[in-house]
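Let us take a walk through this structure together, one stop at a time. Please have the sequence and the model in view as we go.

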Amino acid sequence: MERISRNERECWLLVGGRQRLGRALAEDLAEDHDLVLTSSRPWDGEPWVDGLSKKAWVRTLHWDAESPGLVSRMMADLDTLKAEGRVISGAVLLAGNFPMQPLGTWTAASLEATWRLNLGFPFLCAQALAPVLPEGACLQIILDTSIHHPWLRRLPYSAAKAGLAALVPGLAQLLAPKLRVVGHALGTVLPAEGSDEGFLAERTLLKRIGEPADLCRAVRFAADSPFLTGEILTQDGGRRWVDR
Ligand SMILES: NC(=O)c1ccc[n+]([C@@H]2O[C@H](COP(=O)([O-])OP(=O)(O)OC[C@H]3O[C@@H](n4cnc5c(N)ncnc54)[C@H](OP(=O)(O)O)[C@@H]3O)[C@@H](O)[C@H]2O)c1
């Protein structure tokens with residue numbers, strides 16, 4: 001069985017590694033990791049990826065949660081990497097969206113779309129990745145502090161993240177002892193367009209919103225903590241302890 005050698009430069013796969021938190025994590029990890037980055041859109045010679053390639057081996061993949069051919073595409077890409085001798089020794093699932101869907105606007109189609117991307121897609125990625133990750137690897141899944149208190153105008157999104165909160169310990173049981181599974185429940189780090197950052201900061205114990213570095217630090221901590229599995233680490237500046 002393949003085992004991770006901690007002396008080698010590891011290769012990690014970031015699902016949703018092109019924008020926002022995914023890109024910030026890729027830029028952090030590229031210092032000492034090789035990377036496979038996925039996006040829902042074809043890649044097109046982006047300067048920041050060229051910059052990463054000067055520090056790390058980088059492969060870009062096109063995984064779209066909306067594509068009917070998604071599962072076969074994921075399997076084919078993972079087979080190709082394996083045939084090339086690449087061992088994916090860690091994975092972080094970041095892809096999602098954050099739709100405003102107040103009560104009264106719900107339709108079968110809009111609910112399915114939210115749950116397909118924010119719930120079904122991480123399930124399918126985890127299922128595809130589990131067989132290729134080597135012993136000792138950690139699969140990390142990004143959730144939201146809404147697992148503690150749902151966003152009332154984003155209940156379908158909050159329900160999807162609550163589903164991932166079941167996936168983390170369930171998958172940890174299914175994949176142990178070979179693999180570990182860790183979740184990260186984040187408060188606001190990169191606010192949605194139009195949100196009031198000052199207001200969001202005020203509603204935390206620490207009086208600030210998060211920074212991408214907060215996530216990067218925790219992802220590295222989880223990967224380097226061999227006794228940690230099935231847990232969800234909440235980083236929300238204490239948001240969940242503030243009276244609403
Ligand atoms: N930002 C925050 O403050 C915050 C707070 C709490 C939790 N989170 C969680 O952290 C993760 C990252 O959040 P974020 O704010 O950086 O980004 P985001 O806007 O929530 O989206 C993450 C990525 O998902 C990918 N994506 C969108 N549609 C897709 C599709 N059909 N198929 C596959 N991938 C798709 C997008 O990349 P492409 O367009 O390249 O595909 C996007 O960069 C999410 O899971 C989010 O729920 C974020």
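Our first stop is a proline: Pro177 sits in the loop that runs between α5 (155–175) and β6 (180–186). Those labels come from DSSP runs, where helices are H or I stretches of at least four residues and strands are E stretches of at least two, numbered from the N terminus. The bond that joins Ala176 and Pro177 is a cis peptide bond, with omega about 0°.

Before going further, a word on what you are looking at. This is a predicted model, in which local features need pLDDT of at least 70 and side-chain atom pairs count only at pLDDT 80 or more, while totals for chains, interfaces and linings use all residues. Residues are numbered from 1 along each chain as its sequence is written.

α4 (108–129) and α5 pack at an angle of about 15°, with their axes 9 Å apart. Here the axes are lines fitted to C-alpha atoms, for helices over the stretch in contact, and angles run from 0 to 180 degrees between N-to-C directions. The angle makes α4 roughly parallel to α5; angles under 35 degrees count as roughly parallel, over 145 as roughly antiparallel, 65 to 115 as roughly perpendicular and the rest as oblique. The two helices cross in a right-handed way. A crossing is right-handed if the near helix is turned clockwise from the far one by less than a right angle, and left-handed if anticlockwise.

Which residues of α4 and α5 meet? On the α4 side, they include Leu111, Trp115, Leu119 and Phe123, and on the α5 side they include Tyr157, Ala160, Leu164 and Leu167. Contact here means that the C-beta atoms of two residues, placed from the backbone, lie within 7 Å. The residues of this contact divide into 12 nonpolar, 3 polar and 1 charged. In this count, Ala, Val, Leu, Ile, Met, Phe, Trp, Tyr, Cys and Pro are nonpolar, Asp, Glu, Lys and Arg are charged, and the others, Gly among them, are polar.

Is Leu117 buried or exposed? Leu117 counts as buried because 21 C-beta neighbours lie inside 10 Å. The cut-offs are 20 or more other C-beta atoms within 10 Å for buried, 12 or fewer for exposed, and anything in between for partly exposed, with C-beta atoms placed from the backbone. Not counting residues up to four places away in sequence, Leu117 touches Ala65, Ala95, Gly96 and Asn97.

Pro99 counts as partly exposed, because 16 C-beta neighbours lie inside 10 Å. Setting aside neighbours within four places in sequence, Pro99 is in contact with Thr114, Arg154 and Tyr157. Another loop residue, Asp64, lies between β3 (58–62) and α3 (70–83). With 17 other C-beta atoms within 10 Å, Asp64 is partly exposed too. The C-alpha atoms of Asp64 and Ala95 are 9.7 Å apart, although 31 residues separate the two in sequence.

Now let us turn to the ligand. How many residues surround the ligand? There are 25, and the closest are Arg20, Leu21, Ser39, Ser40 and Gly96; a residue counts as near if its C-beta atom, placed from the backbone, lies within 6 Å. This shell divides into 11 nonpolar, 8 polar and 6 charged residues. Helix α1 gives the most to the shell, with 3 residues.

Arg20 lies in α1, and its phi is near 50°, a positive value in a residue other than glycine. Arg20 is exposed, because 12 other C-beta atoms lie within 10 Å.

Our last stop is where α1 (residues 20–29) packs against α7 (residues 212–223), at an angle of about 55° and with axes 9 Å apart. That angle makes α1 oblique to α7. The contact is made by Leu21, Ala24, Leu25 and Asp28 of α1 together with Pro212, Leu215, Cys216 and Val219 of α7. These residues divide into 7 nonpolar, no polar and 1 charged.
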